[in-house]
Amino acid sequence: GDEQPPLRMLFFPFLLPGHLIPMADMAALFAARGVRCTILTTPLQASTIRSIVDRANTSLGSVDVVVVPFPDVGLPPSAESGTGLTSKDYNDRFLQTAELLREPFRRFLSDHHAEIDAVVSDGIFHWSVDEAAEHGVPRITFLGTSMFARSCTEAMLRSNPLEACSDDPAAVVSLPGLPHRVVELRGQMMDPVKRPHEWALFQLIHAADRRSYGELFNSFHELEPAYAEHYRATLHRRAWLVGPVALASGSGKDVASRGAIAGTLSPEAIGCLRWLDKKPASSVVYASFGTMTSFSPEQTRELARGLDLSGKNFLWVITNGSAAAASVDICMPDGFPTAHRGYVVHGWAPQVLILNHPAVGGFMTHCGWNSTLEAVSAGVPMVTWPRYADQFHNEKLVVEVLGVGVSVGAEDYATWMETHRVITGQVIAESIRKVMKEEGDGDMIRKRAEELRDKARAAVEKGGSSYDDVGQLMEELIARRCSGRKAGG
Ligand code: UDP
């Protein structure tokens with residue numbers, strides 16, 4: 001009869017945890033709406049993805065994982081997750097692995113394009129736009145960032161304010177045409193001269209993005225309405241805001257699922273939840289900087305000092321991914337951490353559970369978009385400490401637009417352990433105290449964070465803005481299928 005087979009979408013995530021986790025959640029949430037989802041990935045990533053998808057409710061549709069070998073480019077075996085690499089290895093060789101996935105992707109598409117309604121590709125695979133076009137399949141980009149950061153990037157690419165700007169890292173650069181006045185320091189922006197490879201890739205990614213069918217965002221309309229509007233109405237781009245995806249898929253609910261993302265949870269990682277159980281409500285600052293960021297020994301010591309000086313309880317995660325992890329112990333101040341006030345986790349921590357624990361009252365973060373949105377979803381105000389990529393933009397959204405954070409005042413775009421100005425323990429402690437303060441500004445910040453949390457929850461419920469955007473994209477894809485795109489191309 002007229003019965004249509006369900007929509008089928010192919011998800012193609014990049015290998016880094018910060019890219020992979022939200023895309024797995026995204027596939028799960030489309031599956032929950034009846035889509036047949038396939039995720040194309042490498043062996044190590046497949047187990048991570050399954051651990052996320054297995055916890056989600058995907059009953060109406062399905063998610064299968066298709067595994068292709070991880071290309072051998074002479075990197076250490078752990079490199080498949082992209083973490084723990086030096087800056088040089090990352091730029092020279094890890095990014096090549098992205099290129100080597102092109103052939104398996106092409107093969108899969110050439111075998112299955114007739115059944116596939118859309119490809120959701122990580123932006124880093126810029127070439128997937130051509131592969132998809134060749135097979136008449138719409139390619140939708142996922143860059144894993146905020147609409148605010150995307151809008152800033154577009155403003156920068158269109159007006160090229162760097163051209164007229166001096167090299168002085170303190171020079172102020174303004175990004176024109178945005179809903180708010182947005183200014184950045186030259187030192188906070190990627191430097192095309194100092195980072196030619198990164199810059200070239202950045203250009204390719206955005207050029208491919210502009211040629212794509214549209215873009216999926218792990219965000220929600222109520223969080224950044226002016227930028228959703230700007231993107232669609234001013235830049236004339238198709239965008240669907242379907243997040244927070246971790247809330248929508250429900251995968252973050254227990255230790256087992258989130259813990260398994262990087263293998264097994266260490267006893268100290270499990271112990272930190274017990275430790276939190278004994279702390280008063282909103283009394284703990286949680287400090288964690290994602291999977292890629294590491295600090296120099298000197299900066300690590302100041303961070304330890306800052307946590308100590310703040311006088312607050314703290315939970316500090318030092319991930320295996322950071323090259324500095326091994327040297328951390330030797331640079332701690334004597335007697336650190338103060339036993340009853342501080343808890344240090346080495347390795348992977350169950351971040352979503354920690355942020356949702358009632359004892360946690362603040363989050364010191366590098367402003368990776370996943371971490372930022374997880375904090376928003378949990379109603380936890382932030383101490384912001386961006387380092388590179390979209391993180392300075394996300395900080396502006398958090399501090400200046402949303403008013404749910406306090407900045408430590410980072411001014412240099414710096415990946416990994418590159419030298420940058422050291423933020424002192426004094427400054428770190430002050431920022432923490434501002435966010436954790438119960439009266440005055442701290443109170444306002446917390447109130448706003450809680451309001452945003454409620455809006456985030458509402459967005460993914462039936463009838464919410466993110467729920468509706470998922471439905472709208474699905475309808476579009478069905479209409480596209482019915483209009484016989486296979487015949488017309
Ligand atoms: N994460 C986690 N435990 C850790 C470190 C990271 O669960 O110990 C998760 C975190 O919840 C987030 C992701 O890893 O979902 C990191 O992504 P983000 O965009 O914040 O930062 P990136 O690692 O990409 O810089």
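What covers the buried residues of helix 15? I will come to that after two remarks on the model. This is a predicted model, in which local features need pLDDT of at least 70, side-chain atom pairs count only at pLDDT 80 or more, and totals for chains, interfaces and linings use all residues. Residues are numbered from 1 along each chain as its sequence is written.

Helix 15, then. Helices here are DSSP runs of H or I with at least four residues, strands are runs of E with at least two, and both are numbered from the N terminus. Helix 15 spans residues 391-401 and is mostly covered, with 8 of its 11 residues buried. Buried means that 20 or more other C-beta atoms lie within 10 Å of the residue's own, exposed means 12 or fewer, and partly exposed is in between, with C-beta atoms placed from the backbone. The buried residues of helix 15 are Gln391, Phe392, His393, Asn394, Glu395, Lys396, Leu397 and Val398. Their cover includes helix 6, strand 7 (182-185), helix 14 (369-378), strand 14 (382-384) and strand 15 (405-407). After helix 15 comes Gly403, with a positive phi near 65°.

Helix 6 also packs on helix 8. The axes of helix 6 (residues 147-159) and helix 8 (residues 225-234) come within 9 Å and cross at roughly 45°. Axes are lines fitted to C-alpha atoms, for helices over the stretch in contact, and angles run from 0 to 180 degrees between N-to-C directions. Helix 6 and helix 8 are therefore oblique to each other; under 35 degrees would count as roughly parallel, over 145 as roughly antiparallel, 65 to 115 as roughly perpendicular, and the rest is oblique. On the helix 6 side the contact is made by Met147, Phe148, Arg150 and Ser151, and on the helix 8 side by Tyr227, Ala228, His230 and Tyr231. Contact means C-beta atoms, placed from the backbone, within 7 Å.

Past helix 6, in the loop to strand 6 (172-175), is Asn160. Its phi is near 45°, a positive value in a residue other than glycine. Asn160 is exposed, with 11 other C-beta atoms within 10 Å. Ser282, in the loop between helix 11 (267-277) and strand 10 (284-287), has a positive phi near 55°. Ser282 is partly exposed, with 16 other C-beta atoms within 10 Å.

Helix 12 brings Glu302, Leu303, Arg305, Gly306 and Leu309 to the contact, and helix 16 brings Gly425, Gln426, Ile428, Ala429 and Ile432.

Now the core. The largest nonpolar core has 124 residues, and those with the most contacts inside it are Phe11, Ala24, Ala27, Ala28 and Val242. Such a core is a set of buried Ala, Val, Leu, Ile, Met, Phe, Trp, Tyr and Cys residues joined through C-beta atoms within 7 Å. Helix 1 (residues 17-32) gives the most to this core, with 11 residues. Leaving aside neighbours within four places in sequence, Phe11 is in contact with Met23, Met26, Ala27, Cys37, Thr38, Ile39 and Val120. Another core, of 5 residues, lies apart and includes Met189, Tyr388, Ala389 and Tyr413.

Last, a cis peptide bond joins Gly243 and Pro244, with omega about -5°. Pro244 sits in the loop between strand 9 (239-241) and helix 9 (245-249).

Technical notes
Two residues are in contact if their C-beta atoms, placed from the backbone, lie within 7 Å.
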